[in-house]
Amino acid sequence: MKQQGHILIVDDDQDILVAGKLLLKRKFSQVDICNRPEQLPSLLADNGYDVILLDMNFGPGESSGQQGFHWLSQIQQLAPEVVVIMITAHGGVDIAVEAIKQGATDFIAKPWHNEKVIATMTTALELKHTRAESQQLKVANQALVQATTTRSDAIIGNSPAMQNVHSLVSRAAPTDANVLILGENGTGKELIARDIHRQSARAEQVFLSVDLGAISESLFESELFGHKKGAFTGAQQDRIGKIQAAEGGTLFLDEIGNLPLHLQAKLLTVLEQRKVTPLGSNKEEAFNVRIVAATNVSKAKLCDEQHFRQDLLFRLNTVEITLPPLRERRQDIIAIAEHFITLYCKKYQKPELQLSDEAKAAILDYQWPGNIRALRHAIERAIILCEGDTLSPQDFQLTHDAPSVASYSQADKAPNIVNLPDELNLDAIEKMAIAQALKKHAYNISHTAKELGLTRAALYRRMEKHGL
């Protein structure tokens, strides 16, 4: 059975061309010949060659190999993906070796042995296919990188607090320093992490986000470090961990403050050694990844040795960035709201809506315990409910939305008992239970989800469903 491959033989000796074609066409699907190298540009433009057999010398008395070097250079410029094999006389081996240094893959000496020619061409064709696969993977990886690093969410805000954040990001991003981002839920910690990645030297590589709050303790090592087939029950095949998957790029460790102490120790060891050992393997594998971590845990709690290892904290917060809550950057609220209005008007195919003066006053006065995430949900709901061309305070339903900062801090100390509504509607009960759990845990999504028996993703879906 013939191998699929398009081969071109370029030589001024007609006997070589005929013998080469008769030999190779028995093994390969398509073989062309050319006795005039000046035809190469047009041939390359019209054909997708996999391998070219190129003579080093053309014309009587030529032995310097300069013609071969010239046409090798032309092929590399016109079709760099093509594998080039040089043809040379026995006395020209040194010249052929020089051609390999300049980009040729191999050489065949005249007079050749048929078995050697077939073996060399088979290897060259395999190399061409490998290059093609590698290029496809590269293109796919670039698409993946673009998909994982390009977000429609913009970092909006010119308040003094945000100017300080932008300044820290611009100074830290070009370095390889680990960054720890602090801030309440919904303040945009992942957006800042992505901005750090975009401004870094790793911007063309992958940005991988891992929600540590959503990974069970039993799967922590497998998820981050990977595992080998048979490492544990259910490990049917090798699996690369998130750390190695982010090779060359940035790994964002969200909810780092909720990681138990014994798992913190394992993470610290890996970050210190810059090597990871997959479960079921005895081989350490080095990695090159930048770490950006984030948590909504307070700085005071992070500095408590009983809650968080200080040696891990020192490893993570080479640069520390604290994101202000929305209530502390009120001058940014209107700009953020208008951004989301534009976004959701397009999504729901509505004309551009405007905020009434009363609506502006209402959202500026509101405490926004869920921060930007809560504002975004409120805007989306208001766009859906609005029947005119202007958004009013009634469209936002802020008084029924979520507690103020003062109320949920009190709820954290003494949570209220849920009183069932008069009508036992499941949706109403579910909304009340979620709202109560959010109050109890001061809008900590991981803790709320755990108490409700939900995943973080499931909790977010229900919050959107009920407008919480």
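The stops that follow concern a predicted model.

**Stop 1: an annotated aspartate**

Select Asp55, which an unreviewed UniProt entry annotates as "modified residue: 4-aspartylphosphate". This residue belongs to strand β3, which covers residues 51-55. Is Asp55 buried or exposed? Its relative accessible area is 4%, so Asp55 is buried, the cut-off for that class being under 20%.

Next, display the surroundings of Asp55. Leaving aside residues up to four places away in sequence, Asp55 is in contact with Val10, Asp11, Asp12, Gly68, Met86, Ile87 and Lys110.

**Stop 2: salt bridges**

Side chains of opposite charge can pair when their charged atoms come close. How many salt bridges does a search of the whole structure find? The search finds 18.

Select Asp50 and Lys128, whose side chains form a salt bridge with an N to O distance of 3.4 Å. Asp50 sits in the loop between α2 (40-46) and β3, whereas Lys128 is in helix α5 (residues 114-149); the two are 78 residues apart, and the pair links distant parts of the chain. Both Asp50 and Lys128 are buried.

Move to Glu223 and Arg239, another salt bridge, in which the closest N and O atoms are 3.2 Å apart. Glu223 is in helix α8 (residues 220-225) and Arg239 is in strand β9 (residues 239-240), so this pair ties together parts 16 residues apart in sequence. Glu223 has 15% relative accessibility and therefore counts as buried. Arg239, by contrast, has a relative accessible area of 37% and is partly exposed.

Now select Lys440 and Glu451, where the salt bridge spans 3.1 Å from N to O. Because Lys440 lies in helix α18 (residues 426-440) and Glu451 in helix α19 (residues 445-452), the pair ties together parts that are 11 residues apart in sequence. Lys440 is partly exposed at a relative accessible area of 29%, and Glu451 is partly exposed at 42%.

Salt bridges with shared partners join Asp11, Asp55 and Lys110 into one network.

**Stop 3: a parallel sheet**

Select β7, β10, β13, β6 and β14, which form an open sheet of five strands in that order, with parallel pairing. The edge strands are β7 and β14 (319-322), each of which pairs on one side only. From one strand to the next, the twist averages 20 degrees.

Which residues of β10 lie on each side? Thr250, Phe252 and Asp254 are on one side and Leu251 and Leu253 on the other, and all are buried.

Then examine the partners of β10. Strand β7 (residues 207-211) pairs with β10 over five bridges, among them that of Asp211 with Asp254. Strand β13 (residues 290-295) runs parallel to β10 and is joined to it by four bridges; Leu253 has Ala293 as its bridge partner.

Finally, select strand β6 (residues 179-182), which pairs with β14 in the parallel sense over four bridges. Leu180 stands opposite Glu320 in β14.

Key:
Residues are numbered from 1 along each chain as its sequence is written. This is a predicted model: local features need pLDDT of at least 70, side-chain atom pairs count only at pLDDT 80 or more; totals for chains, interfaces and linings use all residues. Side-chain values use heavy atoms; hydrogens and water are left out. UniProt positions are given in the numbering used here, feature names are shortened, and annotations may be inferred rather than shown by experiment. Buried means under 20% relative accessible area, exposed over 50%, partly exposed in between (1.4 Å probe, protein chains only). Contact means heavy atoms within 4.5 Å. A salt bridge is a side-chain nitrogen of Lys or Arg within 4 Å of a carboxyl oxygen of Asp or Glu. Two strands pair if DSSP finds at least two bridges between them. Axes are lines fitted to C-alpha atoms, for helices over the stretch in contact, and angles run from 0 to 180 degrees between N-to-C directions.
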